Amino acid sequence: MQWHQVLGFVVAVAPLTLTPGTSFTLVTQQVIAGSRSDGVRAAFGSACGLLVHATFAAIGLSALVMSSTRALTLVKLLGGIYLIWLGVTTWRSARRGVEPTARRRWRLPSSTPTPG
């Protein structure tokens, strides 16, 4: 690979990686609604998901799924079943009145009282 190809790739990919996306939104929401440790857990989960996806792409599994209609259909069905399961369990816990996470009040670091 030539240096100009690498440079072109970096120029093309840099805006995509620097733009805040859904992972950033999720982490921010977890920090505001919960605590810093909730945000760290959300960031860790997002990073693990990206690692798994990148690993599958590196070993060629993504290309296999995209080239096989049956494999893509299977992945879609499994994903749909998982989303339905998540919805049903969330709906059931809401009907029981179970709050999934305790809400903590979020404060800016500068709003903490200083001794003195």
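The protein chain holds 5 helices and 0 strands, in the order α-α-α-α-α from the N terminus. Helices here are DSSP runs of H or I with at least four residues, and strands are runs of E with at least two, numbered from the N terminus. The model is predicted: local features need pLDDT of at least 70, side-chain atom pairs count only at pLDDT 80 or more, and totals for chains, interfaces and linings use all residues. Residues are numbered from 1 along each chain as its sequence is written, and side-chain values use heavy atoms, without hydrogens and water.

Of the 116 residues, 7% count as buried (under 20% relative accessible area, with a 1.4 Å probe and protein chains only; exposed is over 50%, partly exposed in between). The chain exposes about 10,100 Å², of which carbon and sulfur atoms supply 70%.

The axes of H2 and H3, lines fitted to C-alpha atoms over the stretch in contact, with angles from 0 to 180 degrees between N-to-C directions, come within 7 Å and cross at roughly 160°. H2 is therefore roughly antiparallel to H3 (over 145 degrees).

| Helix | Residues in contact |
|---|---|
| H2 (residues 22-33) | Ser23, Leu26, Val27, Gln30, Val31 |
| H3 (residues 36-58) | Arg36, Asp38, Gly39, Ala42, Ala43, Ser46 |

Serine 62 lies in helix H4 (residues 61-67) and is partly exposed, with a relative accessible area of 27%. Leaving aside neighbours within four places in sequence, serine 62 is in contact with Phe56 and Ala57. Serine 62 and leucine 72 are 10 residues apart in sequence and 9.5 Å apart in space, C-alpha to C-alpha.

Technical notes. Parallel < 35°, antiparallel > 145°, perpendicular 65-115°, else oblique. Contact = heavy atoms within 4.5 Å. Areas by Shrake-Rupley, 256 points an atom, 1.4 Å probe, with all protein chains shown as cover.
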